[in-house]
Amino acid sequence: MNICNFFSSPIGLGHVTRDIAIVNNFEKISTNFVTGSGAAKILGNLHFNLRDVYEPPSFIVENGNLKNPARWLWNYYKYYKDCKSISEKILYTDNPNLVISDEDFASLTVAQTMGIPTVLITDILETRFTRGLASLIEKKMNKSMQEISRKCDLVILPEHGDDIDNIKRVGPIVRTTNHSRDELREKFSFKGKTIVVSIGGTDAGVFLIEKALDSISKINQDIDVILVSGPAITRKFENVTNLGFVDNLHELIFAADLLISLAGKSTIDEANAYGTPAIFIPIKGHFEQEDNAREQGFVFDDVQRLDSLILEKLEEKRNPVNSDGAKTASNIIEKLI
């Protein structure tokens with residue numbers, strides 16, 4: 001059995017959920033995860049081999065707007081250096097056959113120095129958080145990131161498109177379920193129209209919870225609201241069922257009639273795969289979420305017209321999309337090793 005160390009970025013929960021989807025398809029690879037924060041909690045709940053050692057920097061978000069991205073970038077640089085030291089100790093101890101990284105570039109740097117084969121999973125090839133003088137530093141970081149990517153044996157992008165050099169585009173990577181939608185609705189006690197509101201692993205989406213609940217309260221329909229507020233929110237909300245932190249959001253999405261969420265790629269891919277109508281509101285100034293939302297037809301200002309969007313989406317027919325990215329990615333990795 002081949003041994004793989006899988007370094008999964010804990011900045012958000014979307015990295016680890018797609019990584020779980022890939023690992024669940026492995027047949028000849030034993031995986032040890034390295035991550036932190038809410039990602040580690042998901043893996044722990046699912047009993048994966050795990051080192052919970054990373055402490056990622058938090059975005060500063062006020063009323064849905066990303067604040068001081070330059071400061072976050074500086075904090076990320078310090079975090080990168082910490083991760084490099086941590087991953088170095090782990091890799092020298094484990095000496096794995098393969099290192100897979102989901103946007104954890106520190107572990108890739110160490111592994112490549114040690115001559116260990118590397119695989120990068122990512123949905124971005126450069127960042128665009130800052131402007132002005134800070135953007136010069138970001139450009140330098142992007143150049144380093146791209147150089148690390150070029151040295152990888154394999155780069156997997158969870159999107160459709162052509163393969164180029166070491167880049168393989170496998171399509172959306174999503175978790176699967178063994179249950180039908182009717183079985184899941186019975187499991188979760190979903191009776192009538194059900195809206196799931198999800199904001200990921202941080203408190204950055206509190207603004208979306210507030211706007212969504214206010215909009216739903218104005219709609220003259222019998223609607224059940226399921227809130228997945230994540231591990232960082234302790235605030236109480238009225239007239240909702242707050243599940244807090246869950247490790248099976250994909251099943252809740254499948255069972256729901258409508259999803260309202262921040263614009264993380266993995267959540268978008270899961271909603272599309274299960275055909276669940278959805279509204280995706282990005283954090284303003286977060287380039288990746290704004291790009292993701294735009295591809296789905298949404299912008300930040302749509303938060304001001306949630307009332308009409310909710311009514312429109314509740315009438316939309318389900319249109320599931322076939323997504324075999326996880327199986328394709330796992331096959332490519334196993335052939336590499």
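Is the crossing of α3 and α4 right-handed or left-handed? In this predicted model, the crossing of these two helices is right-handed.

**View 1. Crossing of helices α3 and α4.** The axes of α3 and α4 (residues 105–114) come within 7 Å and cross at roughly 45°. The two helices are therefore oblique to each other, and their crossing is right-handed. On the α3 side, the contact is made by Tyr76, Tyr80, Cys83, Lys84, Ser87, Glu88, Leu91 and Tyr92. Helix α4 contributes Phe105, Ala106, Ser107, Thr109, Val110, Ala111 and Met114. Of the residues in this contact of α3 with α4, ten are nonpolar, three are polar and two are charged.

**View 2. Helix α1, a mostly covered helix.** Helix α1 spans residues 14–23, and nine of its ten residues are buried. The buried residues are His15, Val16, Thr17, Arg18, Asp19, Ile20, Ala21, Ile22 and Val23.

**View 3. Asparagine 63 in the loop between β4 and β5.** Asparagine 63 is not a glycine, yet its phi is positive, at about 50°. With a relative accessibility of 67%, asparagine 63 counts as exposed, because the cut-off for exposed is over 50%.

**View 4. Asparagine 68 in the loop between β5 and α3.** Asparagine 68 lies between β5 and α3 (69–94). Its phi is positive, at about 50°, although asparagine 68 is not a glycine. The relative accessibility of asparagine 68 is 37%, so this residue counts as partly exposed.

Methods
Residues are numbered from 1 along each chain as its sequence is written. This is a predicted model: local features need pLDDT of at least 70, side-chain atom pairs count only at pLDDT 80 or more; totals for chains, interfaces and linings use all residues. Side-chain values use heavy atoms; hydrogens and water are left out. Helices (H or I, at least four residues) and strands (E, at least two) are DSSP runs, numbered from the N terminus. Buried means under 20% relative accessible area, exposed over 50%, partly exposed in between (1.4 Å probe, protein chains only). Axes are lines fitted to C-alpha atoms, for helices over the stretch in contact, and angles run from 0 to 180 degrees between N-to-C directions. Angles under 35 degrees count as roughly parallel, over 145 as roughly antiparallel, 65 to 115 as roughly perpendicular and the rest as oblique. A crossing is left-handed if the near helix is turned anticlockwise from the far one by less than a right angle, and right-handed if clockwise. Contact means heavy atoms within 4.5 Å. Ala, Val, Leu, Ile, Met, Phe, Trp, Tyr, Cys and Pro count as nonpolar, Asp, Glu, Lys and Arg as charged, and the others, Gly among them, as polar.
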